[in-house]
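Subject: Structure for you to look at

Hello,

Here is the structure I said I would pass on. My notes on it follow below.

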Amino acid sequence: MVERSPTALDLTYSALAHPIRREMIQFLEDGPLRVTDVAEPFRVSLAAASKHIRTLETAGLIARRVAGRDHLLSFRPMPLVEASEWIDTTRSFWDARLDALDAHLREGRRR
């Protein structure tokens, strides 16, 4: 089996795969929050929430700033922009092929 390092896109989609992480991102869209404020709404331990936060940090979706004893998290949208661009490119690829298939099938029915 071939081992490969995950790309930025891999890390983004992996981070978005869990509903808690997606909700954490939504909480941070309005501005920076302390780690405990981000973790509080979820029925998981602070250790589990910290693992989710680390996954988001690794993917570049959030940034951490330490201010005294507080660790402030903020949302970084750039990885989502890159993921969206990949989806758009892939969508246009498949749309063209599906349109061609549709035209071919319609032509076959006319014969």
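R91 and D88 sit three residues apart in helix α5, which means that about one helical turn separates them. Their side chains meet in a salt bridge, with 2.9 Å from N to O. R91 is partly exposed, with a relative accessible area of 45%, and D88 counts as partly exposed at 40%. Please keep in mind that this is a predicted model.

Helix α5 covers residues 78-110 and also holds L101. At 43% relative accessibility, L101 counts as partly exposed. L101 belongs to a nonpolar patch on the surface, together with F93, W94, L98 and L105. The accessible area of the patch is about 500 Å².

Salt bridges

The whole structure has five salt bridges.

- D70 with R34: the closest N and O atoms are 3.8 Å apart. This pair links distant parts of the chain, since D70 is in strand β3 and R34 in strand β1 (residues 33-34), 36 residues apart. D70 is partly exposed, with a relative accessible area of 33%, and R34 is partly exposed at 33%. A network of salt bridges links R34, D37 and D70.
- E57 with R64: the closest N and O atoms are 2.9 Å apart. E57 is partly exposed, with a relative accessible area of 23%, and R64 is partly exposed at 35%.

Helix α4

Helix α4 runs over residues 46-58, 13 residues in total. From its first C-alpha to its last it reaches 18 Å, close to the 18 Å expected at 1.5 Å a residue.

Which residues of α4 are buried? They are A49, H52, I53 and L56. Seen down the axis of α4, the buried residues fall within an arc of 100°, so they line one face of the helix. In general, an α-helix has 3.6 residues a turn, so residues three or four places apart point the same way. On the other side of α4, A47, K51 and T58 are exposed.

What covers the buried residues of α4 includes three helices, α1 (8-16), α2 (19-28) and α3 (35-39). Strands β2 (62-67) and β3 (70-75) are also among the elements that cover them. After α4 comes G60, which has a positive phi, near 80°.

Regards

Methods. Residues numbered from 1 in each chain as written. Predicted model: local features only at pLDDT ≥ 70, side-chain atom pairs only at ≥ 80, totals over all residues. Heavy atoms only, no water. Helix = DSSP H or I, 4+ residues; strand = E, 2+ residues; numbered from the N terminus. Expected span 1.5 Å × (residues − 1). Buried < 20%, exposed > 50% of the residue type's maximum accessible area, 1.4 Å probe, protein only. Arc of directions from axis to C-beta. Contact = heavy atoms within 4.5 Å. Patch = residues over 30% accessible without salt bridge, like charges linked within 9 Å, V, L, I, M, F, W, Y side chains within 5 Å. Areas by Shrake-Rupley, 256 points an atom, 1.4 Å probe, with all protein chains shown as cover. Salt bridge = Lys/Arg side-chain N within 4 Å of Asp/Glu carboxyl O.
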